[in-house]
Amino acid sequence: MTQREWAEKDYYADLGVSSSASAAEIKKAYRQLARDNHPDKHPGDKAAEERFKKVAEAYDVLGDEKKRKEYDELKAMLKSGGFGGFGGPGFPGGFQESGGFENVFRDGRFTGDGGFGDIFSGFFNRGGHSRQSAAPTRGADVETSITLEFREAAKGTTLPIQLTGEAPCTDCHGSGSRSGNPSVCGDCNGTGFTSENRGAFGFSAPCTKCGGTGRIITDPCPTCNGTGTARRTRSITVRIPAGVEDGKKVRLAGQGEAGPNGKPAGDLFVNVTVRPDKVFTRSGDDIQVTVPVSFGELALGGAITVPTLDDAVKVKIPAGTPSGRVLRVRGRGVHRPSGVAGDLLVKVEVQIPKNMGAAETSALRTYLQAEKDAGYDPRAGWAGLE
C-alpha cells in the first residue's frame, strides 16, 4: 500500500462515527463491527474478513490518542493544502511546486514500510527523531506448501520441513562482524537516521554512513561478507494445530529467513492442502459420516457402531427413524486447541439387499401383506393420491 493510499483513508467512515466522536463511542463502534464481522462468525466469507481487517486497522489509529491526533492533523493539513509552505533547502519549491502529494513521498523523506506508524513515528514527527531503523528490521517471510491426510488436519500433527534460504551465519552468529562486536555509528548514534528540523516538523533520512543500520562493521565476517546471513538448507519441525482446513495458511512466527546482522527472522507461512477421506467429510468443526443400515434397524430401533476420529462409539437409533435422518453425537468432531469441540453428525441410510434368498423373500412378502391388511399405505396423501 502506498503512502498516498494510507493518507487518503477515512478511518472515521470505516467505523461509522463522526470525527468528533468520543473515545468511548469509537471503542463501542469498533467492538460492534468487529463482533459482527469476526471470521469465526463468518467462516469462508472473504468480504466479512476484509471488513474485520478494515475496522481493526481503523481502531488501531483512532483508538490511540496520539495516533488519532496526528492523523487528524495530517488530514486537516492535506485538506487545506498545508504542505505548500514547506519550501527552503532540502525541500525545494514546497509542496505545491514539487509536483504534488506523490512527489513529496517520492523524494525519500516519507518512505517506510507503509502506514501512519512509519510516517508519524519516523519521518513526520514533531521531535525530529525516528523510532525505527531505515534498514530492514527483520528477515524475509517465506511460503511453503504441505499436504495432509484428513485425520492429520483434524487432529493436528507435527512434521519436518526443509527450507532453503537465508539463515544466520554460523561463523559470526549473525552479527556480520568477525569479532561479533559491530560498532555504533557515530553519525546517527545507532538510530539509522539523521534528522533535520524544518520549522514545526522534523525531517529524517537514512544515515549515509551506516546505510541505515545504526552500526558500523569494521571487521566484516569473510563467510557472509558482513551481512550476518548465509544461504543454506535447514530442516525445521512444524506443528500444525488441530482443526486446520483445506486451503488455509498457517503462520509460524520467526521461522522465515534470518534478518541481516542479527535482526529478527521473518515468518513462515505454510499453505495447507487436505486430502479427502473415504469415510468422513467436514463442515466447520463438525465431522460428518454416512452409515448404511437395514430397514429393520430403522423400523425397530437399536444401537449401531459408528467410527469417529478416535475410537468407535455406539449410537442409538430410535424406533421408526426415517432413512436420511442425521443423529448428533456431541463433542466427537474436531477438537480445537482452545478447547472448543465440534460434533459427529451420523446420517443413516437404508441399504437394499441386491440378492435375497427364498426365506428372506418369503418373509418380506408376508410382511408386505400384513402392512396392506393393516391399512398402511406409504404413499397415502402423497402427490394428491388417495
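Predicted model: local features only at pLDDT ≥ 70, side-chain atom pairs only at ≥ 80, totals over all residues.

Colleague: What makes the side-chain pair of Lys-9 and Glu-57 a polar contact?

Modeller: The distance is 3.4 Å. A polar contact is a pair of N or O atoms within 3.5 Å; within protein, one must be able to donate a hydrogen and the other to accept it, and residues adjacent in sequence count only if both atoms are side-chain atoms. Side-chain values use heavy atoms, without hydrogens or water, and residues are numbered from 1 along each chain as its sequence is written.

Colleague: Why does Lys-9 count as buried?

Modeller: Buried means under 20% relative accessible area, exposed over 50%, and partly exposed in between (1.4 Å probe, protein chains only). Lys-9 has 17% relative accessibility, so buried it is. It lies in the loop between helix H1 (3-7) and helix H2 (11-15). Over the protein chain, buried residues make up 34% of the 386 residues.

Colleague: How many helices and strands does the protein chain have?

Modeller: Eleven helices and 15 strands.

Colleague: How do you know what span to expect of helix H3?

Modeller: The expected span is 1.5 Å times one less than the number of residues. H3 (residues 23-36) has 14 residues, and its 20 Å from first to last C-alpha is close to the 20 Å expected. Its buried residues are Ile-26, Ala-29 and Ala-34. Seen down the axis of H3, they fall within an arc of 125 degrees (taken from the directions from the axis to the C-beta atoms), so they line one face of the helix. Ala-24 and Lys-28, on the other side of H3, are exposed.

Colleague: What is the phi of His-173?

Modeller: Positive, about 60 degrees, although His-173 is not a glycine. Most residues other than glycine have a negative phi. His-173 is in the loop between strand E2 (157-168) and strand E3 (183-184), and at 69% relative accessibility it counts as exposed. Asn-225 has a positive phi too, near 60 degrees. Asn-225 sits in the loop between strand E6 (215-216) and strand E7 (229-240), and its 64% relative accessibility makes it exposed.

Colleague: How do you know that strands E12 and E13 pair?

Modeller: Two strands pair if DSSP finds at least two bridges between them. Five bridges join E12 (residues 302-306) to E13 (residues 313-317), and the two run antiparallel. Thr-305, for instance, has Lys-314 in E13 as its bridge partner. The strands form a hairpin with six residues between them.

Colleague: Why is Asp-310 called partly exposed?

Modeller: Asp-310 is at 45% relative accessibility, so it counts as partly exposed. You'll find it in the loop between E12 and E13. Leaving out residues up to four places away in sequence, Asp-310 touches Lys-155 and Arg-332, where contact means heavy atoms within 4.5 Å. With Lys-155 there is also a polar contact of 2.5 Å between the side chains.

Colleague: Is Asp-343 buried or exposed?

Modeller: Buried, because its relative accessibility is 8%. Asp-343 is in the loop between strand E14 (326-329) and strand E15 (344-350). Its side chain makes a polar contact of 3.2 Å with that of Arg-330, and a polar atom of the Asp-343 side chain lies 2.9 Å from the backbone nitrogen of Gly-331.

Colleague: What links E11 to E15?

Modeller: Seven bridges, with the strands running parallel; one of the pairs is Val-289 with Val-346 in E15. E11 (residues 286-293) also pairs with E10 (residues 280-283), in the antiparallel sense over four bridges. In the hairpin of E10 and E11, with two residues between the strands, Gly-284 takes a positive phi near 65 degrees.
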